[in-house]
Amino acid sequence: MATVKFYATLRKATGEKSYESSAKNVAGVLREVPKLYGNGVSRYLKSCTVIVNGRNIAYLRGKRTKLEPSDEVSIFPPLAGG
Amino acid sequence: MMGGNWGKILQVDLTDGTFEDIELEEKLYRDYIGGSGLAAKWFFDNKVWEADPLSPENPLMIMMGPLSGTSLPGVSRLEICARSPLTGIWGEACMGGHFAPQLKRTGYDGIIFVGASEKPVYLLLTDEGAELKDASHLWGKDTYETEDLLQEEVGEKRAQMICIGPAGENLVKYACVMNDKGSTAGRCGMGAVMGSKKLKAVVAKGTKKHPIADEDGFKQARSEMNEILKFSLVAEGLGSFGSNVHMEYGMAIGDVPTKNWREAYWKDGPEKLGGTAVAETILTKTHSCFGCPVHCKRIVEVKAGPFAVKEGPGSEYEAAAALGTLQRMDDMEANHRANEMCNRYGMDVISCGSTIAYATEAFEEGLISEKDTDGIKLGWNQPKTLLELIDKIAHREGFGDDLAEGTRAMSGKYGGEEFAVHVKGLECPMHDPRALWAMALTYATSIRGACHCSDSNLYVDMGLLGHKDLGVKRTWPYKAKGKAAQTIASQKKGVIANSAVICEYAWNSAGGALPEMAMMLNPLTGFDYSVDELARAGDRIWYLKRAIGNLCGATREEDRVPRRILEPHVEGTTPNLHLAVYPTFMSMGPMSKMRIEKMKDANAKIMAKFVYPNLDKLLTSMKVLPGFRSHIKKLEAGESEEIKKTTVPFDEMIEEYYRLRDIDQQGRPSRKVLEGLGMKDVADALYG
């Protein structure tokens, strides 16, 4: 199972730091999260950044990026600071 | 009649203790908007660019814009400007907090201090007028103590003040000006300019209501801005976790400088220093600048231990990084104590942290020894040493006297210029051009030195904003083509934000677009700015400040970013795969031996130009192909010659920038572009 980690306001919205997913790819995770944590989290996923094992999916296969057990998927809602 | 502005500034001569109201014509406000734009115009018109930054001749300008102090979100804000003692060129620092609304209510758009007092003084400005009062009893006090004492002395609950601490009094080159204990005019050493004038504080308390040209239109604009911010996910992140919400995301994309910009990726650092960790541990409450709904400020408390922090402002992102990851230190309590010390002493956390990090590396390299450091052994992840050095810097004690001069001066004395990370003497903020290539151009060409707040490139390269309103395409973080045009558009907007004076968090969270700026400015001022006129004003003010930099001695040579932050990290590997590599490997199908040889050559060429030293699974899968295995292993280990040659393509981007900006070989804007913006006098000053 891949470990899916939530950050910032998404963590606040789900109430969880992470969960274990058996989704086959990133798209599967993004479909799964609202089902697990309610539709209220969907707004954070619309323009989120997803990083798999430290690599931005924009430079992999996007939402089609395949996942394997022991993968780490980090989801960041739109944010800026600094 | 113009609204938003009063049409006058107060000039205070600290040498002879006199005051003068200076009326400014409406056209100046229209063309230069206000804030640092108007300050730059005054600075140029009074021809003070040759003044030594710490001399009485260098004016200290505290300027508001038309938005400042109104009931819009993110506008409790002003600009403090002068010739910078740290860089020697145009200096400006923006400050939030609670001071701007009170200053606006005294009936002035700004205050310009000229001359210098013989003894410490503070200015008290109320509806009744201005008065210089003795501040000898406050000299030596830190900024928190100074605010508390002045509040009691003035006896007006709603009075607000800005002040300096020991760092400003001791002319530390990156001393800053403070308000509300946690709001800073941080960069460029404005606190040292104030200290050189023996000006300890400015206190304001006013009740006058500034004119608004179209009350209904203004209320509509305010309502729209608040509505946009209510649903902004970026604003929500800032409100929930402060600016330090950036730490974990930043490290994930390679944007958080670690160990003096040497280390590519440090997983543990953000988990212990980031905004989420703070919210779960030492946070006591949130706070905001006056009237701002974003509410990005954090109040923290460390009750006991060697790094106890009295309940007060906590680290923003820049402090969490500059006094944390940059030192390879992940002790949260020590980080917040270091931040508190910088706040109390009145010092820029970015320049302070950067100078200490430089010194640590120089010590490691043997360029600095214990003889130089008063016997202190510098090293990474040494919280007690960090705090000791901050104290020494603020008081210019021993080695602190050297450190107080900043990174450029330190490297000039001890060597190690290659890891002194500054541009034009201003230390680079905590965003890495290797993660966001636009930041290389931003740092190189910002009018005050390496700065991340003078334009919106950070937000644009992170994919949060665009420039559709200016007809300019946004670019991918790792694409050089189009970066120059993007940077110019970002700079236009940044300049306008610092002239109208609005917080980038509020404005950029609301889209950062010029139509919204016009929506706010027009009903307030009564002007009818179009997007084109605002863009032109943005250009005019940028070129004016650039020209002032040239007049102060800056040339094209100084538009350089250190190689340290353009080349692959010295230690570790970055997480991101470059977009240019991915399509190459995606296009591979079954291959003949000949094709493999051709791919090796193509790969080497691509890697040499673009790639960061880390490969994703797609590349590691290529290990099964003969000839690729060892090659890819070397790439992953960062040992490949191709990786060592990889850089951010800065030269290509800056040449395109100069071409678009019409900057000559000496770094000056052309006469044609200056005259085209109505600045023949500036062109004459530059070219004779």
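How many bridges pair strand β1 of chain A with β2(A), and in which sense, parallel or antiparallel? In this predicted model, β1, covering residues 2–6 of chain A, pairs with β2(A) in the antiparallel sense, over 4 bridges.

## The mixed sheet in chain A

Zoom in on one of those bridges and you'll find A:Thr3, whose partner in β2(A) is A:Glu20. Zoom out again, and the pair belongs to an open sheet of 5 strands in chain A, ordered β2-β1-β5-β3-β4. The pairing across this sheet is mixed. Its edges are β2 (18–21) and β4 (55–56) of chain A, each of which pairs on one side only.

There's a helix to go with the sheet. Helix α2, residues 26–37 of chain A, packs on it and touches β1, β2, β3 (49–52) and β5 (72–76) of chain A. If you're lining things up by eye, the direction of α2 makes about 120 degrees with that of β2(A).

## The antiparallel sheet in chain B

Over in chain B, there's an open sheet of 3 strands, in the order β13-β14-β15, and here the pairing is antiparallel. The edge strands are β13 (283–287) and β15 (309–313) of chain B, with each pairing on one side only. From one strand to the next, the twist averages 15 degrees.

Take β14 (residues 297–302) of chain B: 3 bridges join β14 to β15(B), and the two run antiparallel. B:Val300 is a handy landmark, with B:Gly312 as its bridge partner in β15(B). Helix α13 of chain B, residues 332–345, lies across β14 and β15 of chain B and runs at about 70 degrees to β15(B).

Next stop is helix α17 (residues 407–414) of chain B, which is where B:Lys413 sits.

B:Asp402 is 11 residues from B:Lys413 along the chain, and their C-alpha atoms are separated by 9.0 Å.

## Helix α23 of chain B

Helix α23 of chain B takes in residues 531–551, which is 21 residues. At 1.5 Å a residue it should span 30 Å, and because its end C-alpha atoms are 30 Å apart, the two figures agree.

How much of this helix is buried? Of the 21 residues in α23(B), 16 are buried, so the helix is largely enclosed by the rest of the structure. After α23(B) comes B:Gly553, with a positive phi near 115 degrees.

How values were computed: Residues are numbered from 1 along each chain as its sequence is written. Chains are lettered from A and ligands numbered from 1 in the order in which they are written. This is a predicted model: local features need pLDDT of at least 70, side-chain atom pairs count only at pLDDT 80 or more; totals for chains, interfaces and linings use all residues. Two strands pair if DSSP finds at least two bridges between them. Two residues are in contact if their C-beta atoms, placed from the backbone, lie within 7 Å. Axes are lines fitted to C-alpha atoms, for helices over the stretch in contact, and angles run from 0 to 180 degrees between N-to-C directions. The expected span of a helix is 1.5 Å times one less than its number of residues. A residue is buried if 20 or more other C-beta atoms lie within 10 Å of its own, exposed if 12 or fewer, and partly exposed in between; C-beta atoms are placed from the backbone.
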